[in-house]
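Here's a quick briefing to read alongside the model. Have the chain open while you go through it.

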Amino acid sequence: MRILGIVVAILVGGLNAASSQTMDREPDEPTIYSYCQQFQVLYTQIREQSIQPDSARRRFSQIMLGLKHRFDQDGRMRYDSLQRDSLRRTGQYFAFPIRGYNPRAIGGTHGEGYRGKGFDLFDYNVRGSHPAQDIFIADRNQDCIDDQTGRPADVLAMTSGVILAIETAWTPGSEYRGGNWIWLYDPVMNGLFYYAHNNVVDVLPGQWIGAGQKISEMGRSGFNAYKPRSPTHLHLMYLQILPSGLPEPEDTYKWLLSAKTSK
Ligand SMILES: [Zn+2]
């Protein structure tokens, strides 16, 4: 276990070194990987309610503004809001997040599973909202094996970006709702994608991922997702980062409809 930890640390350190070579960086400026670490710590504190919502909000905004600044220094990531809007309108920017599936797998009939009102990322006690789309696979016996293929279903990144944080240690009985989750930051959109209820997470913080690349295998992890009444699904959330550095949920439904599907 100890050796595994060291290997992972070296691997992540190496990826980090590779990414900093391609970007000009002032000597004392935090690396992208250090922002990943800060995000992981903060999100864990929010979940465990060991930080006050107001402090969490401040901390989050600092991390997101720092991360954006870091990417803005690299010309390739510099998009103005007009270019960004046009990217979001063209469906080709997005990959459908489950291999072998298409928009028919989205819960509900017109994306009405999305309920953004009342959402507060910083207060774990606030419930009732669902600022996300749930996308279902055929898994009648709930063994996390896709009934159509006989294999696990691959979760694919909807857009390119850097993996900010992951959870891999969820166990049945844990009250945490997201299970094994992945947070990905897309510097072009300046937004965060959250992929929850995974079985196996295949990425590491600091890793750069291309749109359509496999990031995990779908699962039933999470307090409610594990219960028999819940069909096997991916919980997909997108948070737009505002100029203040704070997040605002946005419905991914329109993007999912036009996204490129993978076989
Ligand atoms: Zn959901």
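A quick word on terms: buried means under 20% relative accessible area, exposed means over 50%, and partly exposed is in between (1.4 Å probe, protein chains only). What you're looking at is a predicted model, where local features need pLDDT of at least 70 and side-chain atom pairs count only at pLDDT 80 or more, while totals for chains, interfaces and linings use all residues. Residues are numbered from 1 along each chain as its sequence is written, and side-chain values use heavy atoms, with hydrogens and water left out.

**Overall layout**

- The chain's secondary structure comes to 5 helices and 9 strands; helices (H or I, at least four residues) and strands (E, at least two) are DSSP runs, numbered from the N terminus.
- Reading from the N terminus, the elements go α-α-α-α-β-β-β-β-β-β-β-β-β-α.
- Of the 263 residues in the chain, 49% are buried.

**The zinc site**

- The zinc ion has its protein donors in His130 (NE2), Asp134 (OD), Asp134 (OD) and His235 (ND1), at 2.0 to 2.8 Å. Donors here are N, O and S atoms within 2.8 Å of the metal (3.2 Å for Na, K and Ca), and water is not among the atoms, so sites may look incomplete.
- Along the chain, the zinc donors are spaced as H-x3-D-x100-H.
- The site counts as irregular, with angles of 51 to 158 degrees among its 4 donor atoms. For that label, four donors are tetrahedral if all angles lie between 85 and 135 degrees; four are square planar and six octahedral if opposite donors are over 155 degrees apart and all others between 65 and 115; anything else is irregular.
- Both His130 and Asp134 are buried.

**The largest pocket**

- The largest pocket holds about 780 Å³ of space. On a 1 Å grid over the protein atoms alone, a pocket is an open set of points with protein on both sides within 12 Å along at least five of seven lines, whereas a cavity is a set of points where a 1.4 Å probe fits but cannot get out; lining residues have an atom within 4 Å of a point. Grid points are joined across faces, edges and corners, and a volume is the space filled by probe spheres set on the points.
- Its lining has 32 residues, and Ser129, His130, Arg177, Gly178 and His235 lie nearest the centre.
- Helix H2 (32–47) and strands S1 (132–136), S4 (180–186), S5 (191–201) and S8 (233–241) are the elements that each give two or more residues to that lining.
- By class, the lining splits into 15 nonpolar, 9 polar and 8 charged residues. Nonpolar covers Ala, Val, Leu, Ile, Met, Phe, Trp, Tyr, Cys and Pro; charged covers Asp, Glu, Lys and Arg; the others, Gly among them, are polar.

**Helix H4**

- Arg84, Leu87 and Arg88 are the buried residues of helix H4 (residues 81–89).
- Looking down the axis of H4, those buried residues fall within an arc of 95 degrees, so they line one face of the helix. The arc is that of the directions from the helix axis to the C-beta atoms.
- Leu82 and Arg89 are exposed on the other side of H4.

**Positive phi away from glycine**

- Gln49 has a phi near 55 degrees, a positive value in a residue other than glycine. Gln49 sits in the loop between H2 and helix H3 (53–72) and is partly exposed at 44% relative accessibility.
- Cys144 has a phi near 65 degrees, again positive and not in a glycine. Cys144 belongs to the loop between S1 and strand S2 (154–156) and is buried, with a relative accessible area of 12%.

**Loop residues and their distances**

- Asn190, in the loop between S4 and S5, is buried at 6% relative accessibility.
- Pro131 is in the loop between H4 and S1 and is buried, with a relative accessible area of 5%.
- Pro231 lies in the loop between S7 and S8 and is partly exposed at 44% relative accessibility. Pro231 and Gln142 are 89 residues apart in sequence and 7.3 Å apart, C-alpha to C-alpha.
- Ala211, in the loop between strand S6 (208–209) and strand S7 (214–218), is partly exposed, with a relative accessible area of 40%.
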